[in-house]
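Here is a colleague's note to read with the model open beside it. Please find each residue in the structure as it comes up.

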Amino acid sequence: MLIQNGTVALLEKPLKKPLFFRNQPTNALKSVVVTLVSNSGIGQAEAPSSLYPEIMLENLYHVLDENVLPLLVGKNISSLENLRELLGMWAEMPLVFAMLEMAWWNLLAAEKNQPLCQTLGADSVSQQLFTPLDRPLPDAEGFYVADDFMNELATLVEKGYVHLELKIRPGWDLAMVRYVRQDFPELSFHLDVEGQMSPQQNDTLLQFRDFFPYMIEQPFAFDNLTDHADLQEMLTCPVCLDESITSPNVARSAIRWNACKCVKIHPLRVGGFAAAKEIVELCRDAHVGCWISSPLQTAVGMNHCLALSCLDGFTGPFEYYDPETYFQDPGTAPWPSTERDEENTLRIRF
C-alpha cells in the first residue's frame, strides 16, 4: 500500500475526576496518535499516558513527526518486514515500531474493507465487561470514606459489569477487600497492585487469599519474575502479570518459570499486533489465562484493544473505561457501543 501522507497529534483530554496511574494522580489524559493515509483509507495507533506514565509523550511526538514519518510517506509498504526495513534504526525502538506496526494493520483493514479483528484473524464477538475501581478521594480531613467507595461499587454492579478490578493502594488494602467481600459475597473481582508491593509484604499478599479474589495483578515490579514465581507457588489464585509482559520472549520466560497463571496484554506494550498474537498463542498452548489490557485511552486505542480481544485464546472479560464517566468531553470519535443482554450483563461488540 502506498503511504500518501502521515501525521501525528499530541492530544490532552481533561478528566471529570483525578485518575491514578501507579498511585500518581492526574487530571488529564495525554495521548500521541499517529495516522497513516493511503488512497483507500487511514490507519491509526495511540500511545496513552495511562499506559506509559513515565514517558515524555512530547518527545515521542517529535520523534515520529521529524524522524519517522518522513521515512514512510511516498513509500509502498507491502509487509511488516518491508515496514521494518523502511524504519531502519527506528524499528529497534519497541514503542516507535509498535505504533507504526499497529497503524499499518489498521490501514490494511481499511484497504481490505473489513473489520480490524477480521484482518487480525478473528471474528467479532460480544464480550462481557469489567472495569477498574480505585479508592475514593480523601475528605477534608484526609480520610477515605468507605461508604462512598461501596456506593460506587454497588452502582457498577447494578450497571451490569460481570467483574471488577479493585486497585490496591497504601492504606487501602485488606480492610477495603474485607468490606467488599462482606457486602458482596458472590462478587467476581481481582486486585491490581500495579507493581507497588515487594516480597517483604508477602504476608499481606497471602492474606488476600482469604477473600477469594479471582487473581492478584502485578504484585511486584515489572522486571521481577523470580519473586512473582515464588509468590505464585504460595497462592491458590493466579498471579496475573501486566506491566511485566513487554514482549513474546518475556511472556515465554514468565510461563516457563511459572511466574504467573494469567497475563494481560496491551498490543502497544508488547511490540504490536503480531507480537500480541504470538503471546496469545503461547498462553493458549500453556493453558495460561489471557486478558486484554485496555487502560483509559481514546476511541482509537480502545477499538484496537477490542479488535485484538476477539482472538481465540482470550479468556477474561474486556477491560472497559466508560468514556462518559471519565472524560469531560468524550468527543465524536466512533466509541464502541455497549448493551445489556437478556441477563442484564453489560456487553460490548467490536
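The points below go through basis, salt bridges, cysteines, a helix, backbone angles and surface charge.

1. Basis. This is a predicted model, in which local features need pLDDT of at least 70 and side-chain atom pairs count only at pLDDT 80 or more, while totals for chains, interfaces and linings use all residues. Residues are numbered from 1 along each chain as its sequence is written, and side-chain values use heavy atoms, with hydrogens and water left out.

2. Salt bridges. Side chains of opposite charge can pair when their charged atoms come close. A salt bridge here is a side-chain nitrogen of Lys or Arg within 4 Å of a carboxyl oxygen of Asp or Glu. The count by this rule is 13. Helices (H or I, at least four residues) and strands (E, at least two) are DSSP runs, numbered from the N terminus.

3. Glu-194 and Arg-169. These side chains form a salt bridge, with N to O at 2.7 Å. Glu-194 is in the loop between strand E6 (189–192) and helix H7 (202–207), and Arg-169 is in the loop between strand E5 (163–167) and helix H6 (174–183), so the pair ties together parts 25 residues apart in sequence. Both Glu-194 and Arg-169 are buried. For the accessibility words, buried means under 20% relative accessible area, exposed over 50%, and partly exposed in between (1.4 Å probe, protein chains only).

4. Two other pairs. Arg-252 and Glu-278 meet in a salt bridge at 3.0 Å, N to O. This pair links helix H9 (residues 248–256), which holds Arg-252, with helix H11 (residues 273–286), which holds Glu-278, 26 residues apart. Arg-252 is partly exposed at 27%, and Glu-278 is partly exposed at 34%. Glu-319 and Lys-264 meet in a salt bridge at 3.3 Å, N to O. Here Glu-319 is in strand E11 (residues 318–319) and Lys-264 in strand E9 (residues 262–265), 55 residues apart. Both Glu-319 and Lys-264 are buried.

5. The network. Which residues does a network of salt bridges link? They are Asp-134, Glu-165, Lys-167, Arg-169, Asp-192, Glu-194, Glu-217, Lys-264 and Glu-319.

6. Cysteines. A disulfide is a covalent bond between the sulfur atoms of two cysteines. The rule used is a pair of cysteine sulfur atoms within 2.5 Å, and by it the count is zero. The sulfur of Cys-283 is 4.3 Å from the closest cysteine sulfur, in Cys-290, which is too far for a bond. For Cys-305 the closest cysteine sulfur is in Cys-310, at 11 Å, also too far. Cys-283 is buried, with a relative accessible area of 0%, and Cys-305 is buried at 0% as well.

7. Helix H12. Ten of the ten residues of helix H12 (residues 299–308) are buried, so the helix is largely enclosed by the rest of the structure. Among them are Met-302, His-304 and Cys-305.

8. Most residues other than glycine have a negative phi. Phi of Glu-194 is near 55 degrees, a positive value, and Glu-194 is buried with a relative accessible area of 9%. Phi of His-287 is near 60 degrees, also positive. His-287 lies in the loop between H11 and strand E10 (289–292) and is exposed at 74%.

9. Glu-141. What is the place of Glu-141? Glu-141 lies in the loop between strand E4 (126–133) and helix H5 (146–159). Glu-141 is exposed, with a relative accessible area of 64%.
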